[in-house]
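Please keep the sequence and the structure in view while reading.

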Amino acid sequence: MNLYRQDHQPGPESMIERAHPKKRFILASDFDQTLSFNDSGYVLAELLGISVAEFERKANGMAKLNLVQQGGELAYLLLHDPEFRSKARPEHLYEAGKRVRLKPNIDLLYRFLSEEVAGHHFDFYVISAGPVEVIRSALEGIIPADHIYGTEFEYNAQGEIERILQVTAGYGKVAAVDQLLEKLKIGPDRLVYVGDGSSDIHVMLHVNRRDGFTIAVSENKYLAPIAKRSVIGDSALAILIPILEEVVGWNSSQIRELFETKGLLIQQWDKVQTDMLTIVPNSAAMEVESVITIAD
Ligand SMILES: [Mg+2]
């Protein structure tokens, strides 16, 4: 006998779930060199008339100090470096976004993940250490602005950067994904994080520890051993391969078929496992050997 038959009416949430019985996931992606080909810092520096060499000297100098979170060097320079601060205005950040060279098919990736994977729905978010204005401008018309988190500044009446409100670099990305999970009421095991660089180390360790899934899109020597999968490809759709295989559970022929129904062809798909080694003579052991020889 069902005691609850009379008074236990399904709430609005469970009714929504019944109407859309899809497993919900979050795909959180880095931006620079994950969805684009180059760091937006270079594009912005060029726009401001600051040479590549000068930008690299300043950014690398900052990175060596470890004063700011990895990936937060540009944010620091924009606020504290006299040359950057005197030149950068919000319109430059917007224009820099328009000049960033995006990887192809980000729009398709967004659509695939939200609509095309049977039984699954992925909410696509971008979490970048770069200025949020740059990233929102670069992805305008492709990913909604409220799905993009980046470093935020406050400006004074003259349009100069007055202070930093938040930096989504390094550990700042951990805070950002946790806020996202909390806001969307999704468990940490339903989070997929994609990144390419050292600004993604903290967040990948954090996502792995909480049973999420992590993908590296570069051969970064710190990141590749941490990420659960690595995938290298010029199209943003390359990210789909490990997601469909490991999270959704498809095999390679199902994946190829999906691409073909969308008019795309996976031309080359090489699975490689790379062990990176540096082997040097063991000078300590040789020294011991020569001592023994002398003693003989
Ligand atoms: Mg990056």
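Predicted model: local features only at pLDDT ≥ 70, side-chain atom pairs only at ≥ 80, totals over all residues.

Helix α4, formed by residues 73-80, lies across β2, β3 (148-155) and β4, and runs at about 150° to β4.

**Overall composition**

The protein contains 13 helices and 7 strands. Of its 296 residues, 36% are buried. When contacts between residues at least 6 apart in sequence are considered, 57% of them join residues at least 24 apart.

**The sheet**

In what order do the 7 strands of the open sheet follow one another? The order is β4-β3-β2-β1-β5-β6-β7, and the pairing is mixed. At the edges stand β4 (161-166) and β7 (229-230), each of which pairs on one side only.

Strand β2 covers residues 120-131 and runs parallel to β1, which covers residues 23-29. Strand β2 also runs parallel to β3. The bridges of these two pairings are listed below.

| Strand pair | Bridges | Direction |
|---|---|---|
| β1 and β2 | 7 bridges | parallel |
| β2 and β3 | 3 bridges | parallel |

Lys-23 has His-120 in β2 as its bridge partner, while Ser-29 stands opposite Val-126 in β2. On the β3 side, the bridge partner of Val-126 is Ile-148.

**The interior**

Why is β2 described as largely enclosed by the rest of the structure? The reason is that 9 of its 12 residues are buried.

The largest nonpolar core has 68 residues. Its largest share, 6 residues, comes from β2. The residues with the most contacts inside this core are Leu-27, Val-126, Val-192 and Tyr-193.

The surroundings of Val-192 can be described in more detail. Leaving aside residues up to four places away in sequence, Val-192 touches Phe-25, Leu-27, Gly-212, Phe-213, Ile-215, Ile-243 and Val-247.

Note on methods. Residues numbered from 1 in each chain as written. Helix = DSSP H or I, 4+ residues; strand = E, 2+ residues; numbered from the N terminus. Buried ≥ 20, exposed ≤ 12 C-beta atoms within 10 Å, placed from the backbone. Contact = placed C-beta atoms within 7 Å. Pairing = 2+ DSSP bridges. Axes fitted to C-alpha atoms, helices over the stretch in contact; angles between N-to-C directions. Core = buried A, V, L, I, M, F, W, Y, C linked by C-beta atoms within 7 Å.
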